[in-house]
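Reader: Hi, I have a structure open and would like to go through it with you. Could we take it step by step?

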Amino acid sequence: MKIILLGPPGAGKGTIAKALTQYDASVQISTGDILRAAVAAGTELGKQAEAAMSAGNLVTDELIMGIMEQRLQEDDCKAGYLLDGFPRTIPQAEALQVLLEKMGEKLDAVLELQIPRDVIIDRLTTRRTCAQCGEIYNVKSKPPKVDGVCDVCGSNEIVQRDDETVEAINNRLEVYQAQTAPLSAFYQNTGLLVSVQTSDLSPVMTALKLKIDN
Ligand code: ADP
Ligand code: ZN
């Protein structure tokens with residue numbers, strides 16, 4: 001599958017992307033994870049991205065396109081990919097089209113998750129992330145098995161991301177409305193858009209199958 005996941009922060013893009021990787025050899029590519037790893041490692045890229053990220057603003061299109069041009073040409077992408085958090089602006093979507101054309105590739109679908117704002121705010125304020133491996137937890141719905149210890153890697157650094165304060169969350173939602181929401185109409189025009197009002201896997205799979213089989 002070659003799929004773009006579209007939807008506001010907290011819509012469940014990462015969870016759905018991970019779940020979709022079980023159906024074939026497609027890889028999940030999360031620009032947020034790539035950037036957070038760069039910040040943690042203190043690379044040049046990380047230094048350029050850090051301030052925008054912690055305020056909940058977007059990093060520049062140039063920086064993102066630099067990352068994605070490289071990433072999409074790696075070998076593991078041949079089997080398909082689930083783009084989680086990219087593209088996020090119209091210029092990124094246009095640049096992606098040019099890139100895919102150059103590579104002779106076509107997307108199967110753009111999956112849009114439409115989740116109400118109150119649900120999103122509740123999810124994001126209760127979300128916790130393993131600082132070591134990136135595993136996502138939720139203090140209400142998915143706490144780690146042992147309090148404060150990551151189920152996956154055993155680290156005890158389960159933290160709230162610094163863009164998950166109420167202030168930064170509100171800003172991320174505004175940024176989404178202004179810069180990313182227009183992608184819905186953009187992909188509607190290309191005939192690729194599939195919109196669902198859930199982040200439950202089974203209805204998502206049904207909607208995607210209908211789209212891909214058509
Ligand atoms: P979200 O939960 O908001 O979907 P992500 O993990 O996808 O969060 O992204 C975290 C941050 O990384 C964003 O707020 C933004 O600063 C930066 N970022 C990620 N992807 C992009 C992108 N495609 N374009 C610009 N900035 C991005
Ligand atoms: Zn972990």
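Reader: How do the residues of the shell around ligand 1 divide into nonpolar, polar and charged?

Author: The shell around ligand 1 divides into seven nonpolar, five polar and six charged residues, where Ala, Val, Leu, Ile, Met, Phe, Trp, Tyr, Cys and Pro count as nonpolar, Asp, Glu, Lys and Arg as charged, and the others, Gly among them, as polar. Please keep in mind that this is a predicted model, in which local features need pLDDT of at least 70 and side-chain atom pairs count only at pLDDT 80 or more, while totals for chains, interfaces and linings use all residues. Residues are numbered from 1 along each chain as its sequence is written, chains are lettered from A and ligands numbered from 1 in the order in which they are written, and side-chain values use heavy atoms, with hydrogens and water left out.

Reader: Ok, and which helix gives the most to that shell?

Author: That is helix H2, residues 31–41, which contributes four residues; helices here are DSSP runs of H or I with at least four residues, and strands are runs of E with at least two, numbered from the N terminus.

Reader: How much of ligand 1 does the protein bury?

Author: Taken alone, ligand 1 exposes 550 Å², and the protein buries 96% of that, with areas from the Shrake-Rupley method and a 1.4 Å probe.

Reader: Switching topic, what coordinates the zinc ion?

Author: The zinc ion, ligand 2, is coordinated at 2.3 Å by the SG atoms of Cys130, Cys133, Cys150 and Cys153, donors being N, O and S atoms within 2.8 Å of the metal, or 3.2 Å for Na, K and Ca. In sequence, these donor residues are spaced C-x2-C-x16-C-x2-C.

Reader: And which parts does the pair Cys130 and Cys150 tie together?

Author: Cys130 lies in strand S5 (residues 127–130) and Cys150 in the loop between strand S6 (136–138) and strand S7 (158–159), so the pair ties together parts that are 20 residues apart in sequence.

Reader: Is Cys130 buried or exposed?

Author: Cys130 counts as buried, at 2% relative accessibility, where buried means under 20% relative accessible area, exposed over 50%, and partly exposed in between. Cys150 counts as buried too, at 3%.

Conventions:
Buried < 20%, exposed > 50% of the residue type's maximum accessible area, 1.4 Å probe, protein only.
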